[in-house]
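My entries follow in the order in which I made them.

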Amino acid sequence: MSPAAVVNELEALFPPPSCPPSALAPQRLPGTSVESLAALQHVLQDNHKRWHIFLNDMKFHNHITHRALALYALGGSGSIIRGFYTQDSQRQLPAVESPEAITLTSFADHLGDGRYYKGYVDFFAREIDEKGTSTVLEEYIFSDRFQYQEGASNQPEMLSRFTASLLHALIHVGHGLEFGLKGMVVEGLALAAVQDVDGKDFYPLHFFAENGQVTTEADTHVFDVIARMVRDEDLKVKNVHALIEFKQAVEDHAARIRCYAAQWTVNATKKGEIERKVEELIWLTSALYAIGGFDEVKGFTGEFFLMHMVTSSLFLPSLITSLTPSSQALLLRAYLVTVLTWWVARGRPVLNIKSFMASTSTRPTVPMFKGSDGSGFPKEHPNPFLPIIQSSILNPNDHLPKIQRSFAHFSTVYGNRPAGYHKGTELEGAELLDGSLFVRAALLTANYMREENTWSVNGFF
């Protein structure tokens, strides 16, 4: 391919970002400029050319594009976007050519093999050019055809791969749909293809057969499901090592967790139901991370794995815009199973809502602006999210701007929910919870990272 053709291909994969796909998807903050757009496109295109999706043989993920897009969305300058790319590039694996091209015939033969990442990138780029993004997502992630195939030695299980390993493929594709970037969708689908499943039959055949079945008119809230799981003393894992604990949770409790998740009602035929159920999942992930991480005596712990539940939930509004109602419901059900499994794997941290709401603050420790004596607003905090966002943009930890962008968006959409909004659910103290959850979570996270400078991987045992 000629240099000009390469440039054209990269520009087609990574054009200037489009507007968000819906009002529920995150909106951009002020600060976008010619400089920041040029920096973003340079990072996305250069990363695509030079680096593999995994940064080591353990299949840890390349997060370069995630940080760059978060910084751009938060209004970060071009020099900051470029500077962090230089930093993040220091620990990447170089891109390699696939041993052979991937075709529809050979699609399942190399699933889970990172050497074929580039082959899957090229395959999905061709498929999207021919069929469009929505059709490709429906076919390769949600259709029965690419879950289980009779006689196959290497089962596709593409939905399982899509949500595996802390939901990184879902996050990657979610970025693509939010920002209108074909290259991110292609890379995310290729990541799913070379990702290992979290466990054999993580979503078994009957999981797909049961999707869309509505067996009751009663509405079961996701907080009801959590309340029932809290009371189940059998849902325990031994405190050994984070990845081993997750494997324990899958091997020992996957079937039980799926049974609890199946109690959650999702009726995709009901108008507004999918959006309402997305909101439930956002409250759930934020509560598991923030309230689960808070102890009145020990303080707050920013848990690495539960943090990913929050940052992945940011992309649910964008993902559902490209799916049929049936696939929307399947996505949300699969997502819930994954979130619940990680919660069990991290020791099922207690959700003491009463203590959390009484003991945490909605105001930064140091006021951003001190009003004059005559201003009427002495020592007022004009907007607590402004200093939170500012500090996250410059923080060297690449996950901090992503989680703070998530909380800022959730606060924008759901911050006006009053106490009593969750009244009637089975979760103890849920009636006390209001929209300040998101600013409380953001402030706890900012203070924790300022003091610790890293996420905890110790869980809650």
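Predicted model: local features only at pLDDT ≥ 70, side-chain atom pairs only at ≥ 80, totals over all residues.

Residues are numbered from 1 along each chain as its sequence is written, and side-chain values use heavy atoms, with hydrogens and water left out.

I looked up salt bridges (a side-chain nitrogen of Lys or Arg within 4 Å of a carboxyl oxygen of Asp or Glu) and found that the structure holds 25. Lysine 236 and glutamate 233 form one, at 3.3 Å from N to O, and both residues are exposed.

I then turned to glutamate 178 and arginine 405, whose closest N and O atoms are 2.9 Å apart in a salt bridge. Glutamate 178 lies in helix α7 and arginine 405 in helix α18, 227 residues apart; helices here are DSSP runs (H or I, at least four residues), numbered from the N terminus. Glutamate 178 counts as buried at 0% relative accessibility, and arginine 405 counts as buried at 6%.

I also noted a salt bridge between aspartate 219 and lysine 277, with 3.0 Å between the closest N and O atoms. Aspartate 219 is partly exposed at 39%, whereas lysine 277 is buried at 0%. Both belong to a salt-bridge network that also links Glu273, Arg276 and Glu280.

Conventions:
Helix = DSSP H or I, 4+ residues; strand = E, 2+ residues; numbered from the N terminus. Buried < 20%, exposed > 50% of the residue type's maximum accessible area, 1.4 Å probe, protein only.
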